[in-house]
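Please consult the sequence and the structure shown below while reading.

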Amino acid sequence: MDTSARIATLYQQIQQIEAAGEVAAPNTWVSSFVVPKANGKHYTYYRLMETAPKSNSSGKQGVAKMKCYLGTAKSPKYKRAVGAIARRNQIQLLTRRIKQLEALAIKEENQTAAAVPVRERVSGGNLKKPITQPPLTNQPTPREWQQLQQELNRLNEHTQQLVEALNQERAHRKAITQEIASLKAALGK
């Protein structure tokens with residue numbers, strides 16, 4: 001399998017992973033903390049953490065902050081977060097492999113270009129060696145692959161923003177529904 005076909009296969013794998021479910025944002029992870037109870041038992045809870053952006057004014061490095069509470073290891077929120085992080089890590093691994101293959105493709109392209117004989121003129125204006133052209137191909141160039149990757153990353157970020165907005169909307173609707181139910185209960189309906 002040639003390099004461009006392998007790159008295309010890796011892009012397909014990334015699309016399949018993204019279609020499988022939510023993908024975690026970069027610089028996020030699951031953190032645990034233990035809460036001791038009065039009865040002597042210890043309970044472990046989880047939260048989704050993220051690195052806050054670096055502050056230019058204070059000069060501090062990015063600091064970890066809690067993004068959301070996930071609950072216990074059995075909670076659906078925890079399981080979704082762990083799955084999203086696993087998908088993100090798989091995509092990052094595949095993206096690194098694509099970059100390696102693109103670099104290899106550029107290197108091969110440069111070697112092929114160097115192997116093409118250069119026209120040499122001899123007295124009388126005739127060519128000393130015939131020119132051999134590389135075969136025409138309809139495969140995207142490494143630069144086009146890079147542009148496609150950038151577009152895919154941009155679309156992925158946009159999709160993540162839409163998912164986050166949708167999740168916020170769902171939470172808002174749920175809060176409103178609960179408020180309506182409590183008002184009905186208060187009014188005795």
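## Gln149 and its surroundings

In this predicted model, Gln149 touches Tyr11, Thr95 and Ile98, not counting residues up to four places away in sequence. Gln149 belongs to helix H3. Its relative accessible area is 7%, and because buried means under 20%, Gln149 counts as buried.

Gln149 is one of several buried positions in H3, which also include Pro142, Trp145, Leu152 and Asn156.

## Overall arrangement

The protein chain contains 3 helices and 3 strands. Read from the N terminus, the order of these elements is α-β-β-β-α-α. The chain has 189 residues, of which 21% count as buried. Among contacts between residues at least 6 apart in sequence, 51% join residues at least 24 apart.

Just after H3, Gly188 takes a positive phi of about 80°.

In soluble globular proteins, nonpolar side chains tend to be buried together. The largest nonpolar core in this model has 12 residues, among them Ile7, Tyr11, Ile14, Val23, Ile98, Trp145 and Leu152. Helix H1 (3–20), helix H2 (76–115) and helix H3 (142–187) each supply at least two residues of this core. The most, 5 residues, come from H1.

Ile7 illustrates how parts of the chain meet in this region. Not counting residues up to four places away in sequence, Ile7 touches Ile98, Leu101, Glu102 and Trp145. A second, separate core has 8 residues, including Leu70, Tyr78, Ala81 and Ile85.

Arg143 and Glu102 are 41 residues apart in sequence, and their C-alpha atoms are 8.6 Å apart in space.

Where is Asn27 placed? Asn27 is in the loop between H1 and strand S1 (28–36). With a relative accessibility of 54%, Asn27 counts as exposed because the limit for that class is over 50%. Most residues other than glycine have a negative phi. The phi of Asn27, however, is near 60°, a positive value.

## The largest pocket

About 1500 Å³ of space lies in the largest pocket. This pocket is lined by 43 residues, and the closest to its centre are Glu22, Val23, Ala24, Ala25 and Lys67. Val23 is also listed in the largest nonpolar core.

Which elements each supply at least two residues of the lining? They are H1, strand S3 (64–71), H2 and H3. H3 provides the largest share, with 18 residues. By class, the lining comprises 16 nonpolar, 14 polar and 13 charged residues.

Terms used: Residues numbered from 1 in each chain as written. Predicted model: local features only at pLDDT ≥ 70, side-chain atom pairs only at ≥ 80, totals over all residues. Heavy atoms only, no water. Core = buried A, V, L, I, M, F, W, Y, C linked by side-chain atoms within 4.5 Å. Buried < 20%, exposed > 50% of the residue type's maximum accessible area, 1.4 Å probe, protein only. Helix = DSSP H or I, 4+ residues; strand = E, 2+ residues; numbered from the N terminus. Contact = heavy atoms within 4.5 Å. 1 Å grid on protein atoms, 1.4 Å probe; cavity = no way out; pocket = protein on both sides within 12 Å on 5 of 7 lines; lining within 4 Å. Points joined across faces, edges and corners; volume = space filled by probe spheres on them. Nonpolar A, V, L, I, M, F, W, Y, C, P; charged D, E, K, R; others polar.
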